[in-house]
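Hi everyone, thanks for coming. I'd like to walk you through one model this morning, so please have a look at the screen.

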Amino acid sequence: MATGELATTTLPVGAGWLGSRIGERTARGVAGTVSGLIRDGEVPPGTRLPTVRALAAELSVSPTTIAEAWSQLRAAGLIGTGRRRGTIVLEPPSSPPPERAFSGWQTVDLEHGLPDPGLLPPLEDAVAAGVHTERFGGLVKNSITPQLRAAVKPTWPFAAESWTVAAGGQDGMLLACQAVARPGDVIALEAPTAPWLRELLRRSRIHVVPVRCDEDGPLPSSLAAALEHRPVAFVYQPRAQSPLGHSVPADRLAELAAVLSEEDLTVIEDDDFGPLASSPSLSLGTRLPGRVLLVRSYCTAFGLELRSCVIGGSAALVERVRQQRGPGSVWSSRILQDAQAFLLTDPGSAELLNRARHRYAQRRTALTEALREHGISVRARDGLTLWVPVPEESRTLMTLAANGVSAGSGTRAGNPGTPHIRIATGQLPDDPALVADLARMIARAARRA
């Protein structure tokens with residue numbers, strides 16, 4: 001069948017089945033999810049899609065929302081409409097039709113590394129499960145529900161003695177760092193790292209001594225040099241590191257543990273990508289018992305609405321984290337905790353998580369290969385960010401901004417080496433021509449810098 005041609009036979013797909021796979025219930029979210037299902041082959045050419053009204057009713061949205069999503073898919077050449085056969089899936093075009101519409105790179109997150117709302121699992125069943133949690137009359141800010149503890153315990157990379165929760169990964173890292181460091185103290189921090197983490201420490205008036213990284217993570221020699229500054233803690237990301245994308249292998253962990261073995265300081269592990277990471281969860285907690293706090297966020301995988309983060313480690317360290325909670329601090333709803341527990345143990349949610357992991361990898365790889373065609377060498381390992389070398393950072397960023405592209409600063413990530421910029425990949429379009437267009441703009445901006 002030729003590209004863009006209506007199939008001669010049609011197979012229906014139910015509104016319920018399709019609706020269960022749609023996370024963000026906006027026109028963009030619906031179009032993004034359906035586009036992904038078509039390109040992945042899960043909804044093959046010839047499939048008859050639900051009517052606009054049927055899918056709108058299933059998702060409890062306006063028919064206008066679905067009509068706009070169908071319009072976007074039609075403009076991309078992915079669906080067509082027959083008089084009697086309804087809306088039919090077409091063979092995905094090898095290249096976008098000339099008349100495709102794109103609202104501009106300013107609508108795509110290329111700076112912060114946010115997840116794609118269209119790849120988040122639906123929350124209805126999870127919240128329904130959460131409302132059955134046991135209710136208490138007072139505030140239980142530090143309590144992790146039995147359901148959530150049971151869901152995360154088998155996935156923890158070391159034997160934690162105690163657990164607590166936080167309202168998202170950034171809240172969890174703030175509590176963990178402030179539990180072990182006071183204003184004026186020093187923390188050894190991998191460099192580069194997530195800009196928000198550097199800003200969090202700056203606002204807490206905690207000083208940072210950088211620990212350089214290579215493709216396997218923090219360098220043992222750089223960590224040893226940092227220990228001469230007498231830090232109270234060492235903070236790093238064990239997998240899907242932002243912005244470099246590496247995961248620390250077992251042999252590097254053993255080397256880091258050897259450096260730390262003679263020192264009495266806490267290790268804080270920031271597992272911000274959580275279950276979306278491609279690499280298994282490894283930890284210094286297996287080599288330094290009683291000295292490691294693992295802060296694992298589930299917000300990227302399952303959405304910010306659940307504000308979900310679990311902290312596990314020794315009883316003494318977790319108790320110090322709990323003591324950071326003030327009377328006016330944000331607390332973690334037990335209903336939302338049990339909703340998170342449902343998502344972590346639900347087979348359907350696991351399937352959607354696998355699909356999202358695969359899609360994010362495709363997007364990273366697509367931009368990496370497009371940049372390579374322009375002579376820019378980038379590694380696509382894991383996470384939602386690419387670390388892109390440029391001759392000069394500021395001018396490159398300004399040139400990109402003039403073209404509607406807002407990229408991330410390497411300096412804000414604490415870059416200790418040659419100039420780089422950060423390009424977020426989580427929300428990249430699945431259109432090869434648009435990705436190639438972005439790569440051209442990056443290369444052109446780098447040359448003009």
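What you see is a predicted model, where local features need pLDDT of at least 70 and side-chain atom pairs count only at pLDDT 80 or more, while totals for chains, interfaces and linings use all residues. Residues are numbered from 1 along each chain as its sequence is written, and side-chain values use heavy atoms, with hydrogens and water left out.

Now, R355. Is this arginine buried or exposed? R355 is buried, at 14% relative accessible area. R355 pairs with E42 in a salt bridge, with the closest N and O atoms 2.3 Å apart; by salt bridge I mean a side-chain nitrogen of Lys or Arg within 4 Å of a carboxyl oxygen of Asp or Glu. That pair links distant parts of the chain, 313 residues apart: R355 sits in helix α14 (residues 347-372), and E42 in the loop between α2 (27-39) and β2 (47-48). Helices here are DSSP runs of H or I with at least four residues, strands are E runs of at least two, and both are numbered from the N terminus. E42 is partly exposed, at 29%.

R355 has another partner, E351, with the closest N and O atoms 3.6 Å apart. Those two share helix α14 and lie 4 residues apart, about one turn of the helix. Through shared partners, salt bridges join R21, E42, E351 and R355 into one network. How many salt bridges does the structure hold? The count is 18.

Next, the inside. A nonpolar core is a set of buried Ala, Val, Leu, Ile, Met, Phe, Trp, Tyr and Cys residues joined through side-chain atoms within 4.5 Å. The largest one has 47 residues, and W156, F234, L260, V267, L284 and V310 touch the most other members. Helix α10 (residues 250-260) gives the most to this core, with 4 residues. A second, separate core has 27 residues, including L110 and L428.

Last stop: T266, in strand β10 (residues 266-271). T266 counts as buried, at 10% relative accessibility. Setting aside residues up to four places away in sequence, T266 touches V180, V232, A233, F234, R291 and L317, where contact means heavy atoms within 4.5 Å.

Thanks, everyone!

Definitions and conventions. Buried means under 20% relative accessible area, exposed over 50%, partly exposed in between (1.4 Å probe, protein chains only).
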